[in-house]
Amino acid sequence: MTDLAQFLFAGLTTGAIYALAALGFTLIYNASGVINFAQGDFLMLAGMVTAVLLKQQVPYTGAITIGIAVTVLAGLLLYRLAIKPAGNADVVSLIIITIGASIFLQGVVQVVLGKNQHVLPPFTSDTPVELLGARVLPQAFWVLGTGALLVAAVAAFFKYTLVGKATLAVAANKLAAGAVGIPTGRILQLSFGLSALLGAVAGIVSAPITTTVSDIGLMFGMKGFVAATLGGLGSGLGAVIGGLLVGLLEALVAGYVSSAYKDAVPFVLIIIILLVLPGGLFGRKSTERV
Amino acid sequence: MLAVQSLTRSFGGVTAVSDVSFEVQKGHVHAVIGPNGAGKTTLFNLITGVYVPSSGKVLLDGQDITGSSPDRLARMGVSRTFQNLQVCMNMSALENVMLGAHLHVHSGLLTGMLGLSRRADARLQEEAAALMARVGVGEYRDAHATQLSFGVLKRLEIARALAAKPKLLLLDEPAAGLNDSETHAMTALIRQIAADGVTVLLVEHDMKMVMSISDHIVVLDQGRKLAEGNAASVSANPDVITAYLGSEE
Amino acid sequence: MKLPVRPSLLVAAAILLVLPLALPNNYTMDIAIRVALVAVAVIGLNVLMGFAGQISIGHAGFLATGAYGSAIVATRLGWPPLLSLVAVALTCAALAWLVAKPILRLKGHSLTMATLGFGVIVNMVLINEVQLSGGPDGMVVPPLAVAGFSFGKLGHWYALAAVVLWCAIWLSLNLYDSPGGRALRGLHGSEVAARVVGIDVASFKVRAFVVSAVLASVSGSLTGHYLGFISPSMSAFTHSVELATMVVLGGMASTFGAVLGAALLTVLPQLLGGLHGYEAILFGLILMLTMIYLPRGIVPTLALRLRRAR
């Protein structure tokens, strides 16, 4: 029983990280229809920058702030320099562009920040806490707490602010939104920045647990995408639930089946899910107008 | 040849098409007209399997084709064109037309790779070129799709549809986006196609074209069939006039 | 009068025949052989990505399956290498068919993700199943021998690679101008139009996937024999991305573009000294810049310019 509790907590923790990555995917997808393959690299970038700054004796909070800032900048630049110039390119081209951006980011990080793995010190303490028979790292609470806060903030943003509603409008119909005067370009820019922010926070808060290295973005991105698709691409709630589900399943497989293949879980899952429920759990049904 | 029976389709709370029935005779040119929002395009999409009706049936030569997929319709001898074009812009004009003959030629990948379909391909090319000339775009034979104007592409689509040697041709607003002289040419083309024995069903806004080529017209208004008959009877029908022009207050 | 052989094939044959004379040393010869072998896989991937428009970023999985399959069958089962190669290629075809059938129902990004998943799973299996594959340390591949003749010298390998490449070019060019090839390109151009003319879109996508998998498998098997040693990194995601970049850069749907892409992106990293980080930056930049400014790739863009100038 204690084993199960352990796995569940581990699963929820990683699930929270995936949920945030998934939320980032959903944001960009909603606003622009683009699947941002570089999403996972936002998590990586923030973690790496923070870790390297710490090694340079920069105080923790300062390092975190800069880490987040650099990542948000990367997100904004991704839109400005790569997505926007592509204009009305088709889905395929845009996918390849974001793949290119992902590889590019990884390369830059490797060259500038090095190929080493870094461990960030936990925010509060290192000693595990006993909870329901499981031993949980305090950092895990930070992850879950921050995750919940961000999700609530994003939900509030969309529901209560004008900018948030404008973003939903752009997602629903870009042309119409533009026609009523919504600055679609700036909204898209904002979505990328916001996604990067979500990714950055997720990356930093999880780095003490997962460690960080230049190519960790791939796994985060993949799993975040699986989570987002599982929940139904375009649904924020779906992204969160999808993330938690993927995390939990992964932990359970790692615990009860095989830890070597735990990383395969999201991929097998996505193939199964997409076949059974092409719209995901909460996906919207759409009719294509010819 | 084509029988539409009590077709109804609702989207949420809006009933776009309500209990529409009519028949298309073989060899005729049959038009569906109506003011904006009458449900013409929805009806068209119901017939071509893009939408599945909420109720009702579509029969082709007695066979139920309701909600059939586009490729099944193609295999049954039905071809269609699109109001806003669905042309493969990554291929040449000729190749687009050749695509239309897909069901009449062996298209195995292995056969293709081994170069065994050379002769069939040459024959396809000639037939496609002839079709392009027939619809009046023969001079663009060597052009790439991206080099052609909207009007030319519309006729190219018809050539592609004809390449399938269909028994029923469905035209989705063939005159949409065309100027006067292009519309004139399109009208003549459709008349010629019908004269060659192909049954034609079109959805159209342009009254002059419809009146001059149609053997039978169905008028829709707000999703319902308002009237049907030949050009003379429909244009004289007071309900039809009211629907288009509004009643005199 | 139409020649029985396309002029471009004759030119290609001529270039392949003359090339060794222009290569100064063994190092450049080695690069030429590697380019030729990878080009076979890229030509195959071009059928899937360029013709049919289905993006795969997991194709290194098939390459590695071909390499490992061939090696394992040759060492463990003692089959002659040529037979192994054919058997493995057929197995890859079956595998591709099994994998493709369900995932090609997906559109756009979902399909891309599924192919990525495939590549990752292959990678994981190769790393973890040490009994089978030798694990992260890789495994030795026996040299290629056909009917007693052993391919030991560089010259032999060049000849073999050139012939195989030429055959792949021949197959691809034939396909481009065939009804089947047109169906693939049509469904890329407009799936709606393709369906309406009766093309069974799902079936064609699967077939394109299978063709590309077989070519990748053959390329992988031969590469394994050539290098004499293979490791799981052959199936890494970065390798899949390299293959996709070669298709995109050279020109989607262009056979010679695929060869050009393979050549450029094999030679360039060599010039850079193969530093991993810089390689990633380069590939990333190329992908982005090509799709933004040259979305058709090098060869088709040039072809378009020439057509417009006429």
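1. Does S68(B) count as buried or exposed? In this predicted model, S68(B) counts as buried because 20 C-beta neighbours lie inside 10 Å, and the cut-off for that class is 20 or more. The residue is placed in the loop of chain B that runs between β5 (63–64) and α2 (70–75). Leaving aside residues up to four places away in sequence, S68(B) touches G49(B) and L73(B). The C-alpha atoms of S68(B) and Y51(B) are 9.3 Å apart, with a sequence separation of 17 residues.

2. In chain B, 4 strands form an open sheet in the order β2-β1-β4-β5, with antiparallel pairing. Its edge strands are β2 (14–24) and β5 of chain B, each of which pairs on one side only. Between β4 (residues 55–60) of chain B and β5(B), the antiparallel pairing extends over 2 bridges. Within this part of the sheet, L59(B) stands opposite D64(B), a residue of β5(B).

3. How many of the residues of α6(B) are buried? The helix is mostly covered, with 12 of 14 residues buried. Among them are the charged-residue positions K154(B), R155(B), E157(B) and R160(B), as well as V152(B), L153(B), L156(B) and I158(B). The cover over the buried residues of α6(B) includes β6 (78–80), α3, α5, β7 (168–172) and α7 (180–195) of chain B. After α6(B) comes K165(B), which has a positive phi near 50°.

4. The contact between chains B and C involves 34 residues of chain B and 27 residues of chain C. On the chain B side, the elements that give two or more residues are α2, α3 (93–100), α4 (109–113) and α5 (118–134). By class, this side of chain B has 16 nonpolar, 12 polar and 6 charged residues. Two of the elements named here, α3 and α5 of chain B, are also included in the cover of the buried residues of α6(B).

5. The contact between chains A and C takes 35 residues from chain A and 35 residues from chain C. Elements α4 (91–113), α9 (216–231) and α11 (265–276) of chain A each supply at least two residues of the chain A side. The largest share of that side, 16 residues, comes from α4(A). Its composition by class is 28 nonpolar, 6 polar and 1 charged residues.

6. The overall form of chain A may be described as follows. The chain has 11 helices and 2 strands, and along the sequence these follow the pattern α-α-α-α-β-β-α-α-α-α-α-α-α. Its radius of gyration is 19 Å, which agrees with a compact globule, because a globule of 290 residues would have a value near 19 Å. Along the principal axes, the C-alpha trace of chain A spans about 55 × 45 × 35 Å. Of the 290 residues of this chain, 53% count as buried. Among contacts in chain A with a separation of 6 or more, 77% are between residues 24 or more positions apart.

Notes. Residues numbered from 1 in each chain as written. Chains lettered and ligands numbered in written order. Predicted model: local features only at pLDDT ≥ 70, side-chain atom pairs only at ≥ 80, totals over all residues. Contact = placed C-beta atoms within 7 Å. Rg over C-alpha atoms; globule rule 2.2 N^0.38 Å. Pairing = 2+ DSSP bridges.
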